[in-house]
Amino acid sequence: MDRMNWNIKAENRTARLARAAATLGADLTGKRVATEAVGKLLEAVLQPGDRVCLEGNNQKQADFLARALVQVDPAKVHGLHMVQSVLALPEHLDIFENGVAARLDFSFSGPQGARLAKLVSAGRIEIGAIHTYLELFARYFVDLTPKVALVAAQAADAEGNLYTGPNTEDTPAIVEATAFSGGIVIAQVNELVDGKTTTLPRIDIPADWVNFVVKAPRPNVIEPLFTRDPAQISEVQVLMAMMAIKGIYAEYGVQRLNHGIGFDTAAIELLLPTYAESLGLKGKIGKHWALNPHPALIPAIEAGWVESVHSFGSELGMEDYIRARSDVFFTGADGSLRSNRAFCQAAGHYACDLFIGSTLQIDLDGNSSTATLGRIAGFGGAPNMGADARGRRHASPAWLKAGQEARAGRTGAAGTPRGQKLVVQMVETFREHMQPAFVDRLDAWTLQEQAGMDLPPIMIYGDDVTHILTEEGIANLLLCRSDAEREQAIRGVAGYTAVGLARDRRAVENLRDRGVIRRPQDLGIDPRQATRNLLAARSMRDLVRASGGLYQPPKRFRNW
Amino acid sequence: MSDVPAGLETLDFSFSGGRPAGAFASILVGVVGSGNLEVMLEPAEGIDCAVRVETSARGFGPIWQAVMNDFHTRHPLAGVRISINDMGATPAVVSLRLDQAVAEITGEQP
């Protein structure tokens, strides 16, 4: 062997820490860095071309460190390779405009999607790849390990232990990958405790994984992404929720599931203690959830439907409610929620029997996408929730039934008995402004051409989708046996969109006779029953009431 | 110039071969609000079902035709005039309101 040194990373970390100590001088006490010295810290620790994770989750943001990174001297720090799950803040892209960063691997860029597309086409950002959350976390431990992690926590003690509180989210995955491969972890915190007279409620990240702690001048930014005002749920959404409950949840006995973030699935949550109860389904569906603490789930929890909820992140205003319902939520000894995006994504992928969510466009193969022209939005977690878990081996009635439907009459490898995850796309045939949800060709294909991507950004692949649910009916794609059948099953629930109007009426009636397509009346549902009176809560105020006053919605949702 | 406000589109449809609805007091369902519509059913002379749509969403004539064709298949009415004031409702909402209105003629409970 001509390699004499096998500990370059550890030595490099030691050198960086020494550089920081020398630069900071009196601004460093133990692991604590004075707030105003954050720029000096970053310039001392970072080297050009470093791989850096700037914690940007879909809710919690290390916003103080993001602003500090924008302000470092590009002559000293440049060409960084950013590896972070969400681009949410303008600063996440400012660092590419000023040359501090050059390359990007990420998962989701929702609010910054349009600006990201512009920077990519101007050649200011080189995108490595767009991932799912779990996929990006996985790469943190393989070939995208951060050299420096800039994370956010609620509080730190004198030794550098961190309390991340309800919104732990991505922090453990980021810190573990960085701290155990010779990297450096810097945390911004809202609060410092001395560990003696004041202590952390609990320790989420141990001190020896953390190198520096800086108190931010104001609390980190956090978004209530999962709050849906029941007042905005329409009758058509109620109808679709009734169909989901009776035609899918009851049919397969779905006990373990994940819901998307939209009003359609909020309607399902609000129909459990009313409509589903009237069908005698309590105890038979919806016991275990991989889900953020959706306020819309409160009435179902209060009515005794829900046994457990594990969460990716938290939701503002739900803290006291969660604390008071610790049998249902995962909480620390201190009583507050412990979320973990990596574990919850794994739970959603491997331990849930159903994912249901909405999308913007579905094509005739059942591929669906939220990509729109001029925006690079990414994927987030939906592809892992909305995909059959090919590595799954444990059985459940729902999984087995879906697998049997897909495999009946097939031979060889395609006929080998196994289960399948239920992946339901729930869309109204027209979105607002009469935008059709069903299209001949996804915008994703044009976006691929425009942005020079290897693949079109398809959110959920057609061969993973098991059911498409619209106000016109449910298409069960598990029962389709050819591409042509699948196309007619999709056209058959596509309503008055151009795709729907171009259906072969006889083929669609034949599919209906076989139960591949089921209309509301085939399920014994009269659309005129679908009124908002069925919702267990019809306003934010109703949700607060259902929680016994424990749920405290953020100001913007206090509309009474 | 008609008295239709600028931006509105008026569409007329007529269907024959329905069953006489008989006498009934005129019926109004829905509200004129964004994404919603108002549907009025009145008894009319003759044996047709005449439909007049005034909509703020221009250019969707073929979809209205398809929606009304399906409505007539579900509820073949004769001697009825249907007036619709639409503010960009989706076809699903239009069909739902029409069905709600017809249920009131027949006195049928959902």
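**Helix packing and overall architecture**

Author: In this predicted model, helix H1 (residues 61-74) of chain B packs with helix H2 (residues 91-106) of chain B at an angle of about 35°, their axes being 11 Å apart.

Reader: What is the handedness of the crossing in which H1(B) passes H2(B)?

Author: The two helices of chain B lie at an angle of about 35°. In the crossing, H1(B) passes H2(B), and its hand is right-handed.

Reader: How do the residues of the contact of H1(B) with H2(B) divide into nonpolar, polar and charged?

Author: From H1(B) come B:Ile63, B:Val67 and B:Phe71, which meet B:Pro91, B:Val94, B:Ser95 and B:Leu98 of H2(B). By class, the residues of this contact are six nonpolar, one polar and no charged.

Reader: In what order do the elements of chain B run from the N terminus on?

Author: Chain B contains two helices and seven strands. Read from the N terminus, these elements follow the order β-β-β-β-β-α-β-β-α.

Reader: Why is chain B described as being as compact as a globular protein of its length?

Author: The C-alpha trace of chain B spans about 35 × 30 × 25 Å along its principal axes. For 110 residues the globule rule gives 13 Å; chain B is therefore as compact as a globular protein of that length, since its radius of gyration is close to that value, at 13 Å.

Reader: What radius of gyration does chain A have, and what would a compact globule have?

Author: Chain A has 20 helices and 20 strands, and its C-alpha atoms fill a box of roughly 80 × 55 × 50 Å along the principal axes. A compact globule with 560 residues would have a radius of gyration near 24 Å, which agrees with the value for chain A, 25 Å.

Reader: What percentage of the residues in chain A is buried?

Author: A residue counts as buried if 20 or more other C-beta atoms lie within 10 Å of its own. In chain B, buried residues make up 32% of the 110 residues. For the 560 residues of chain A, the buried share is 54%.

Reader: How do the residues on the side of chain A that touches chain B divide by class?

Author: In the contact between the chains, 15 residues of chain A meet 15 residues of chain B. On the side of chain A, these residues are six nonpolar, three polar and six charged.

Reader: Which ipTM and pTM does the predictor give the complex?

Author: For chain B, the mean pLDDT is 91, and 91% of its residues reach 70 or more. For the complex, the predictor gives a pTM of 0.95 and an ipTM of 0.91.

Methods:
Residues numbered from 1 in each chain as written. Chains lettered and ligands numbered in written order. Predicted model: local features only at pLDDT ≥ 70, side-chain atom pairs only at ≥ 80, totals over all residues. Helix = DSSP H or I, 4+ residues; strand = E, 2+ residues; numbered from the N terminus. Rg over C-alpha atoms; globule rule 2.2 N^0.38 Å. Buried ≥ 20, exposed ≤ 12 C-beta atoms within 10 Å, placed from the backbone. Contact = placed C-beta atoms within 7 Å. Nonpolar A, V, L, I, M, F, W, Y, C, P; charged D, E, K, R; others polar. pLDDT = per-residue confidence, 0-100. Axes fitted to C-alpha atoms, helices over the stretch in contact; angles between N-to-C directions. Left-handed = near helix turned anticlockwise from the far one by under 90°.
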